[in-house]
Amino acid sequence: MSPLSPGLRLDGRRPNELRKIRCKLGVFNQPDGSAYLEQGNTKVLAAVYGPHEIRGSRTKALHDQALINCQYSMATFSTGERKRRPRGDRKSIEMSIHLRQALQAVIKTELYARSQIDIFVEVLQADGGNYCTCVNAATLALIDAGIPITEYMVACTASLANGETPLVDISHLEETSGGPNLTVAAMPMSGQIVLLEMSQRFHLDHLDKVMKHALRGCQEIKAVLDKAVRDHVASAGAACNWEFKTD
Amino acid sequence: MPPTIRLASERVELRKVQDDNPPKIYTPGEVVHQGTDYLRGHGTYLDEDCVKSSVAGICQKINKWLIVRPIKKRYNGEVGDVVVGRISDLQMKRWRVDTNARLDSILLLSSVNLPTGELRRRSAEDEATMRKYLQEGDLICAEVQQVFNDHSLSLYTRSLKYGKLGQGTLVKVFPSLVKRQKTHFHDFPWGTSAILGNNGYIFIYPTSQRSGKEGDGYKEDAEETITLEERENIARVRNCIVALAHYKQMLYDTSIAVAFEESKKYEITQLLTPEVMAKIASVAQQSLLQHSRNH
């Protein structure tokens, strides 16, 4: 399905426009860190516990770094048809592994030997770009928990419409309409790519163009997340008059 | 009390404090300082000649160290801290204690007082009867004796004020909200006492229980009944602490006392509603700002 002319997509966005991002840090009191993120109609909650002592078998402990445990779960009401298995099915396990791969690249695990960091991500409403919103929400939750990371880990999707126009941040409708779907998880400041995934196919000549758009989308998302983090720290710090102590 | 239902958009926020010169906030990946003349401390890392921040917080320069402090972080022990913890496991000659840190803390058998009060070497018999002193699930109050290389803590309870805790309420808050003070054992004028653990675990109990303690720290007065008034006071203090912690106010004896005075206008159960919590937190915030401005 080609986007509407003149140059507008189905939801009225321009090809290089991101969906509206709304986020909030510190939504829960129990986990060490938590965040809520909305990208358009995709809504995701992330919670981080840790670093803490390894529960269960102590043999899984790594002597020089922390163990990272991710769980991706979709609420039964998140998709058009009621989802029968929220977690544990093949797709969710694959997403959990990808999430772990992305976050392990930025978390400074060498500081927490023999500990465990748990990251739980719950998709409340799925409207395309689920993985990306999960990665972004998990990054915010890690920052909220005070776990040191080298820099933001941001993910974004991109596609190619009509064989020539690159689109950024594709929604569910655009995903299922048959166009190629490129997902990039990258560190925006250093430009390093941690995860690159694509479905469908297009000609190699277009790859450069689409990747550039996706990476630029990552940069823009990072700017929005950064502002939200700064606002959160400023308001929380001002509330206690900057007297909080951590060591 | 009937359940109240409200929309998330009707969330009550605390009034923003006027900050005249807010400190500079650094976010992960941001360059704190170019060049190598400063040493990197907690919350930072070295990347090709510049010191970059790894957490979101404010920067502190101590001698030649650059430290970035985040608002929330897991408890990192220091020697001399008072902590409240729960026994999670028994092992050979020691107990493992959960203290909200990155690794469980250790309480060695040689670091506790024997129930009989004698001073002697611990024998194999003592080892076999460890469960009689402290079991899984018991709450203890201890001091950090030593920090090991992997950052796990070694606790000891060889003073009379530490030991197994009796009847009371435990409140868990973020460790960064507990202010560092000379003493962490506070007796409030209305008959309640509190132990503000540096690790964010706060134990509230009636003062009468402590003055009746007989020296070895293991007699648990489970049969002693606490009066209704004492219970209500404990519940009120607990709700005040939860309200202060929710709006990120520092917790110490003065702030809890101020919040308690303010909360007397309301019923104890009303203290759980967001509006009342916000009111109490803002009153505490105002009076503490006043206090710090006068000093």
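Helices α2 (130–145) and α4 (207–239) of chain A each supply at least two residues of the lining of the second largest cavity. α4(A) gives the most, with four residues. Helices (H or I, at least four residues) and strands (E, at least two) are DSSP runs, numbered from the N terminus.

The model is predicted: local features need pLDDT of at least 70, side-chain atom pairs count only at pLDDT 80 or more, and totals for chains, interfaces and linings use all residues. Residues are numbered from 1 along each chain as its sequence is written.

A search of the whole structure finds seven cavities of 30 Å³ or more. Of its 13 lining residues, the closest to the centre are Ile143(A), Asp144(A), His232(A), Val233(A) and Ile71(B). A cavity is a set of points on a 1 Å grid over the protein atoms alone where a 1.4 Å probe fits but cannot get out; lining residues have an atom within 4 Å of a point. Volume is the space filled by probe spheres set on the points.

| Lining class | Residues |
|---|---|
| Nonpolar (Ala, Val, Leu, Ile, Met, Phe, Trp, Tyr, Cys, Pro) | eight residues |
| Polar (the others, Gly among them) | two residues |

Chain B holds an open sheet of four strands, in the order β1-β6-β7-β3, with mixed pairing. β1 (25–26) and β3 (39–40) of chain B stand at the edges, each with a single partner strand, so one side of each lacks a neighbour in the sheet. Strands pair if DSSP finds at least two bridges between them. Two bridges join β3(B) to β7(B) (residues 65–70), and the two strands run parallel. Leu39(B) stands opposite Trp65(B) in β7(B).

Note on methods. Chains are lettered from A and ligands numbered from 1 in the order in which they are written. Side-chain values use heavy atoms; hydrogens and water are left out. On a 1 Å grid over the protein atoms alone, a cavity is a set of points where a 1.4 Å probe fits but cannot get out, and a pocket is an open set with protein on both sides within 12 Å along at least five of seven lines; lining residues have an atom within 4 Å of a point.
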